[in-house]
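Please find below my note on the model you sent.

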Amino acid sequence: MRGFGSDNFSGVLPEVFNALKEAAYGHQHSYGEDLYTEKAIQDFKQIFGKDIEIFFVYNGTGANIVSLSAFARSFNAVICAETAHINVDECGAIQKQAGCKLLTVPTFDGKLNTGLIQNHMHGFGEQHHSQPNIISLTQCTELGTTYTPEELKEICDFAHARGLYVHMDGARLANAVAYLNCDPLDITVKAGIDVLSFGGTKNGMMFGEAVIFFNTSVCQNVPYIRKQAMQLHSKSRFIAAQFSALLKNGLWLKTAAHANRMAQKLANEASLIPGIKITQKVEGNEIFAIIPRDKIECLQKECFFYIWDEDASEIRWVCSFDTTESDIIEFVNLLREKLL
């Protein structure tokens, strides 16, 4: 049985794997000076416009480090949700690499708003305090919820009016675009996002992410930041070729839409089982649910998933591009067997 632990558990899309095989032959210049990287950059510009700068990196933590380090100096602070990946799951990487402070905000659904952000809008010009200068939003959030274009624009307008920048951790951006059924520009460029960590690994790539700067005023320093962060891949073509395959003919959105549908189906079926309570809106490919504490271990042994909040007996299930309806049916039958 396929597990529901993470979309990082899934394999590689056949189209992506074939692109890697094609790129494996012959010689190309290194460090991004190759034809594959040039093509992938043009592929991204077809989606997000010509006035952007793109830097390929190894992983999501690296993408966030490069994104935030471009704007934040060591005396600055990043405002983010308490559940944000940069706060919970990156081992203090931002603090170590950029040297800046994280100002976290408790939220019920993983989403920031201007009222919550306002709580950290003080201490400006005071030499004893870290200076907030960038807000980091996660889309979809770590709780599987999604910001609307209107919500994003309100936050970006609020930030820019106060001299702050806005970063988007888009490890699951594709799932958000698929759920909202919108143009990717609507929740990035048009909303006012300054820099985007664009996810590939969670959506069918073997490895690799992209950092996309819509505000290119800081890009002259990014090559050095990426190098110091150990995110400059010598054989850049192997990241770039994957992205070209993923972006071709909207594959990145088709795979995300499928993962979303599977998550909705799992949530719908599981919610009918006594003892299971879905705790967050399912707006992407993640489901959060409370299940009987004494049933978690036996379920995990047969189909792995993570415990999200041990005190509340809340768990997380994640669907992927390769999750099938049969996987859902089999798992739901397992839930019924163990819980009923």
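1. Helix α11 (residues 251-270) packs against helix α13 (residues 325-339) at an angle of about 25°, and their axes lie 10 Å apart. Axes are lines fitted to C-alpha atoms, for helices over the stretch in contact, with angles running from 0 to 180 degrees between N-to-C directions. α11 and α13 are therefore roughly parallel to each other (angles under 35 degrees).

2. The contact (heavy atoms within 4.5 Å) draws on Met262, Lys265, Leu266, Glu269 and Ala270 of α11, and on Glu325, Ile328, Phe331, Val332, Leu335 and Arg336 of α13. By class, the contact of α11 with α13 has 7 nonpolar, no polar and 4 charged residues; Ala, Val, Leu, Ile, Met, Phe, Trp, Tyr, Cys and Pro count as nonpolar, Asp, Glu, Lys and Arg as charged, and the others, Gly among them, as polar.

3. The model is predicted: local features need pLDDT of at least 70, side-chain atom pairs count only at pLDDT 80 or more, and totals for chains, interfaces and linings use all residues. Residues are numbered from 1 along each chain as its sequence is written, and side-chain values use heavy atoms, with hydrogens and water left out.

4. The secondary structure of the chain comprises 13 helices and 11 strands (DSSP runs: helices H or I, at least four residues; strands E, at least two; numbered from the N terminus). The C-alpha atoms fill a box of roughly 60 × 55 × 35 Å along the principal axes.

5. Of the 340 residues in the chain, 54% are buried (under 20% relative accessible area, 1.4 Å probe, protein chains only). Among contacts between residues at least 6 apart in sequence, 76% join residues at least 24 apart.

Terms used. Angles under 35 degrees count as roughly parallel, over 145 as roughly antiparallel, 65 to 115 as roughly perpendicular and the rest as oblique. Buried means under 20% relative accessible area, exposed over 50%, partly exposed in between (1.4 Å probe, protein chains only).
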